[in-house]
Amino acid sequence: MTFSETMPSTASTQTTAQATAHAKINLFLHITGRRDDGYHLLDSLAVFAGAADRVTLAGPSDTMSLTINGPFGQGLEADDQNLVLRAARALQAQAGTSFNGLTENFRLELEKNLPVSSGIGGGSADAAATLRLLAREWNVDQATLFPIAEKLGADVPVCVAQHATRMQGIGEILAPAPILPDAGLLLVNPGIGVSTPDVFRAFAAGGGIVERPEAFLPERWTTAQDMVADLNATTNDLQAPALSQCPVIGTVLASIASLPDCLLSRMSGSGATCFGIYPNPESAVNAAHILNDQSARLGWWTWAGGFYHTGSSTWSQ
Ligand SMILES: C[C@](O)(CO)[C@H](O)COP(=O)(O)OP(=O)(O)OC[C@H]1O[C@@H](n2ccc(N)nc2=O)[C@H](O)[C@@H]1O
Ligand SMILES: Nc1ncnc2c1ncn2[C@@H]1O[C@H](COP(=O)(O)OP(=O)(O)OP(=O)(O)O)[C@@H](O)[C@H]1O
């Protein structure tokens with residue numbers, strides 16, 4: 001995928017630079033094959049929610065370092081395995097090779113607002129935001145980011161793009177998606193982390209690939225109802241295997257579906273976060289208010305609003 005616009009001016013003149021890492025939602029997810037290395041081939045429509053983590057460049061440092069705050073920061077290590085630091089080091093290594101030895105180190109801050117291991121690609125979004133942020137700082141061409149992103153995780157390339165995108169291959173083939181309507185989106189996570197490899201394993205053990213015609217997607221959906229009419233001909237192939245590992249997903253899906261004006265209730269990615277589609281953002285917020293008592297009592301995380309919209313040619317931040 002290419003972007004027609006160049007990056008904004010470098011951040012070096014600003015006191016702090018930030019990038020937002022928006023939650024990725026798979027509106028549908030079909031598994032179409034399996035590679036020799038075990039990775040599954042997908043066909044998925046990934047969109048982005050207003051809900052987001054935030055990565056900040058806090059200043060120069062002796063080594064690349066990370067501090068984490070925010071409601072889901074506890075329990076997430078700021079160590080070498082954190083996708084923020086892995087992304088920073090990967091870009092630094094590449095920039096050092098390709099752009100004459102840039103070796104600056106930074107203290108990065110992660111505001112973790114998205115639940116971890118929840119099917120909305122939080123870690124991938126953080127990695128992608130870090131790549132965008134440091135690319136801006138180091139004046140690295142955005143096209144350079146995609147091969148680096150692929151190596152960090154299957155969901156990282158689509159999160160670099162951070163706009164509605166059809167994902168194929170294992171996530172590295174990105175194609176334009178329909179222009180989205182101004183629909184409402186409700187996200188609900190039951191507070192139980194689900195392991196992506198375990199869900200893919202359960203999918204393979206449970207019968208595997210279903211042969212079906214390729215999903216039809218138009219150029220644009222004008223209303224949420226139009227979008228849902230097409231989405232009803234699709235599914236998330238990982239929903240049943242995730243449900244078998246984490247039965248509360250069934251309760252979450254039923255709760256979303258029971259709320260007024262709900263047009264569709266489905267799981268995102270490998271779960272356990274589920275989403276509801278509503279006619280507009282206001283009706284999604286209204287649904288979240290109705291769910292409030294139940295979600296507070298059960299410790300569920302909820303978010304309601306609209307899609308994160310950026311033009312397909314915009315360098316998103
Ligand atoms: C389910 C999705 O969230 C849909 O967007 C993604 O495909 C998962 O992307 P991700 O979390 O970035 O996945 P990775 O961290 O690359 O892979 C985690 C593990 O999930 C399995 N995996 C992942 C992606 C894929 N297309 N096929 C797989 O089988 C592999 O066992 C892999 O070792
Ligand atoms: N910055 C980060 N934020 C979240 N998880 C991270 C981060 N860095 C590393 N990880 C690790 O990555 C794994 C997946 O976390 P993530 O929150 O991205 O899952 P997910 O939402 O299920 O992703 P996907 O939808 O891409 O499968 C977890 O095991 C977590 O410990």
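UniProt positions are given in the numbering used here, feature names are shortened, and annotations may be inferred rather than shown by experiment. This is a predicted model, in which local features need pLDDT of at least 70 and side-chain atom pairs count only at pLDDT 80 or more, while totals for chains, interfaces and linings use all residues. Residues are numbered from 1 along each chain as its sequence is written, and chains are lettered from A and ligands numbered from 1 in the order in which they are written.

**View 1. Residues listed by UniProt as active site.** An unreviewed UniProt entry lists K24 and D155 under "active site". K24 is located in strand β1 (helices, H or I of at least four residues, and strands, E of at least two, are DSSP runs numbered from the N terminus). K24 counts as buried because 27 C-beta neighbours lie inside 10 Å (buried means 20 or more other C-beta atoms within 10 Å of a residue's own, exposed 12 or fewer, and partly exposed in between, with C-beta atoms placed from the backbone).

**View 2. The shell around ligand 2.** Among the 20 residues around ligand 2, those that come nearest are L83, G122, G123, D155 and G269. Helices α1 (83-98) and α2 (122-138) each provide at least two residues of the ligand 2 shell, and the largest share, four residues, comes from α2. The ligand 2 shell contains six nonpolar, 12 polar and two charged residues. At least three of its residues come from each of domain 1 (14-176) and domain 2 (184-306).

View 3. The 17 residues of α2 should span 24 Å at 1.5 Å a residue, and the end C-alpha atoms are 24 Å apart, which agrees (the expected span is 1.5 Å times one less than the number of residues). Helix α2 is mostly covered, with 16 of its 17 residues buried. In helix α1 lies Q92, which is partly exposed because 18 other C-beta atoms lie within 10 Å. Q92 and A135 are separated by 43 residues in sequence and by 9.4 Å in space, C-alpha to C-alpha.

**View 4. The largest nonpolar core.** This core has 95 residues, of which L131 and L186 touch the most other members (a nonpolar core is a set of buried Ala, Val, Leu, Ile, Met, Phe, Trp, Tyr and Cys residues joined through C-beta atoms within 7 Å). Strand β2 gives the core its largest share, 10 residues. Both domain 1 (14-176) and domain 2 (184-306) supply at least three residues of this core. In soluble globular proteins, nonpolar side chains tend to be buried together.

View 5. Most residues other than glycine have a negative phi, and most peptide bonds are trans. S117, although not a glycine, has a positive phi of about 50°. S117 is placed in the loop between β4 (106-111) and α2, and it is partly exposed, with 18 other C-beta atoms within 10 Å. N139 is likewise not a glycine and has a positive phi of about 60°. N139 follows α2 and lies in the loop between α2 and α3 (145-152). With 14 C-beta neighbours inside 10 Å, N139 counts as partly exposed. G271 and A272 are joined by a cis peptide bond with omega of about 10°. A272 belongs to the loop between β8 (264-267) and β9 (274-278).

View 6. The feature "domain: GHMP kinase C-terminal" is placed at residues 220-293 by UniProt, from an unreviewed entry. Over residues 220-293 the chain is 51% helix and 12% strand, with the end C-alpha atoms 36 Å apart.

Conventions:
Near = placed C-beta within 6 Å. Nonpolar A, V, L, I, M, F, W, Y, C, P; charged D, E, K, R; others polar. Domains from an automatic or database assignment.
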